[in-house]
Amino acid sequence: MEISGYTIDIESAVQLIKEKNYKTIAVQVPEGLKRSIFPLVDFIKNETEATVLVSADPCFGACDVVNYELKNLDVDCVIHIGHTAIADVENFWIPTLFLNAQSTLDVSKVVEKALPSLIGKKIGLVTTAQHLHTLETVQKILQKHNFEPYIAQGDERISSKGQILGCNFSSGANLSEQVDCFLFIGSGTFHPVGLLLSTKKPVIAADPYTNTVKKQEMEDMKNNILRQRYGAILACRNARRFGILIGLKRGQQRLKQAYEVQQMLNDAGKLSLLITQDEFSPVSLQGFDLDCYVSTACPRIAIDDYLQYKKPIITPVELEIALGRREWETYVFDEILKE
Ligand code: SF4
């Protein structure tokens, strides 16, 4: 089924519901698809006898699957739309079907436009779930223009070759020695700037929604972020009381790392609290009398939401720098990688 410029294989969900004779199902979609939920739900209701519940809980990635919360509502199955599964996020209380939302946009035009901006001949190709099916087309366009495109598999958290997440750039990192630059297909700056910070290779971002190509903007944003991160690290250097954030979303839980962070703080003579929450927000943290936070939840909280919080938030790697265990020159972007 096609809705709002995306193809969603809702037919396979219907097939599963019929096969398993599910009576109640829950559908979870990202913010961008909430407006278009009616035809999806109608289709399921018309094709099956299931009752359909729609989850309004925010969902920013496959790390964030509504599940055990629905157990008391007798939900038999969750249909999670808009993200591909993260392989190590498993053992759900309720069986969960992931359905990708593939963009119907033609990427050829913006890829052609990006060609003069590419650096060198060896080009690493990366994208988000919505455009994975276009990588073959992109590859052919590059080859036609005598470039050498490379697409790599990421670690076990990544479901398809060439895919990156905002917290996992391993499909890019696996190529960084081999390529001269990366071509990112997709919207926004969240993913390409993360890729640039992670791989330290030039990234050219081709956005098929706006038909724009960004190159220098990526560098400028990276430099701004690094300046901000340096400031955050300095602000934490003399802090006494730390909050260590542990995300409860299944794909964001890094308990072992949280304990390691606490050990590091203990060794440095600092006080700390381990704080859990499903969705951290400035409001939920404002009651604590702490000097700063170290986030082991989604790495983007510290990077992208930093200005929303009254107290500095840093990543575990940044804590190492703040405590003098690591040099700023060896700064690495925080990612959730398969151990
Ligand atoms: S942890 Fe953050 S960056 Fe990673 S998939 Fe979830 S929301 Fe995206």
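Leaving aside neighbours within four places in sequence, which residues is Leu118 in contact with? Select Leu118 and look around: the partners are Ile123, Phe147, Cys181, Leu183 and Ile204. Contact here is a matter of C-beta atoms, placed from the backbone, lying within 7 Å of each other.

Two notes before moving on. Residues are numbered from 1 along each chain as its sequence is written. The model is predicted, so local features need pLDDT of at least 70 and side-chain atom pairs count only at pLDDT 80 or more, while totals for chains, interfaces and linings use all residues.

**Stop 1: Leu118**

Stay on Leu118. This residue sits in the loop between α4 (108-114) and β8. Helix and strand labels follow DSSP runs, numbered from the N terminus: helices are H or I with at least four residues, strands are E with at least two. Leu118 is buried, because 22 other C-beta atoms lie within 10 Å. The scale, with C-beta atoms placed from the backbone, runs as follows: 20 or more other C-beta atoms within 10 Å is buried, 12 or fewer is exposed, and in between is partly exposed. Now draw a C-alpha to C-alpha distance from Leu118 to Ile204. They are 86 residues apart in sequence and 6.8 Å apart in space.

**Stop 2: helix α7**

Select residues 190-199. This is helix α7, and 9 of its 10 residues are buried. Colour the buried ones: His191, Pro192, Val193, Gly194, Leu195, Leu196, Leu197, Ser198 and Thr199. What do they pack against? Show β8 (122-127), α6 (170-173), β10 (181-185), β11 (203-207) and α8 (216-237). Then step to Lys200, which follows α7 and has a positive phi near 60°.

**Stop 3: the domains**

Colour by domain. The assignment gives domain 1 (2-103), domain 2 (108-214) and domain 3 (229-330). Such bounds come from an automatic or database domain assignment. The C-alpha centres of domain 1 and domain 3 lie 33 Å apart. Their contact takes 8 residues from domain 1 and 6 residues from domain 3. On the domain 1 side, the touching residues divide into 6 nonpolar, 1 polar and 1 charged. For these classes, Ala, Val, Leu, Ile, Met, Phe, Trp, Tyr, Cys and Pro count as nonpolar, Asp, Glu, Lys and Arg as charged, and the others, Gly among them, as polar.

**Stop 4: helices α1 and α3**

Two packed helices are described by the angle between their axes and the distance between the axes. Select α1 (residues 10-20) and α3 (residues 37-47). They pack at an angle of about 35°, with axes 10 Å apart. Each axis is a line fitted to C-alpha atoms over the stretch in contact, and angles run from 0 to 180 degrees between N-to-C directions. Show side chains at the contact. Ile10, Ala13, Val14 and Ile17 in α1 meet Leu40, Phe43, Ile44 and Glu47 in α3. By class, that contact has 7 nonpolar, no polar and 1 charged residues.

Also in α3 is Ile37. With 17 C-beta neighbours inside 10 Å, Ile37 counts as partly exposed. Beyond four places in sequence, Ile37 is in contact with Val29 and Val54.

**Stop 5: three asparagines**

Most residues other than glycine have a negative phi. Select Asn21, in the loop between α1 and β3 (24-28). Asn21 has a positive phi of about 55°. Buried or exposed? Asn21 is exposed, because 10 other C-beta atoms lie within 10 Å.

Next comes Asn146, in the loop between α5 (135-144) and β9 (148-150). Its phi is positive, about 65°. Asn146 is exposed, with 7 other C-beta atoms within 10 Å.

Now select Asn100, in the loop between β6 (96-99) and β7 (101-103). Asn100 is buried, with 21 other C-beta atoms within 10 Å. Not counting residues up to four places away in sequence, Asn100 touches Thr84 and Ala129.

**Last stop: the ligand**

Which residues are around the ligand? Select Phe60, Gly61, Cys63, Asp64, Leu165, Gly166, Cys167, Gly251, Gln252, Cys298, Arg300 and Ile336. A residue is included if its C-beta atom, placed from the backbone, lies within 6 Å of the molecule. By class, this shell has 6 nonpolar, 4 polar and 2 charged residues.

Key
Two residues are in contact if their C-beta atoms, placed from the backbone, lie within 7 Å.
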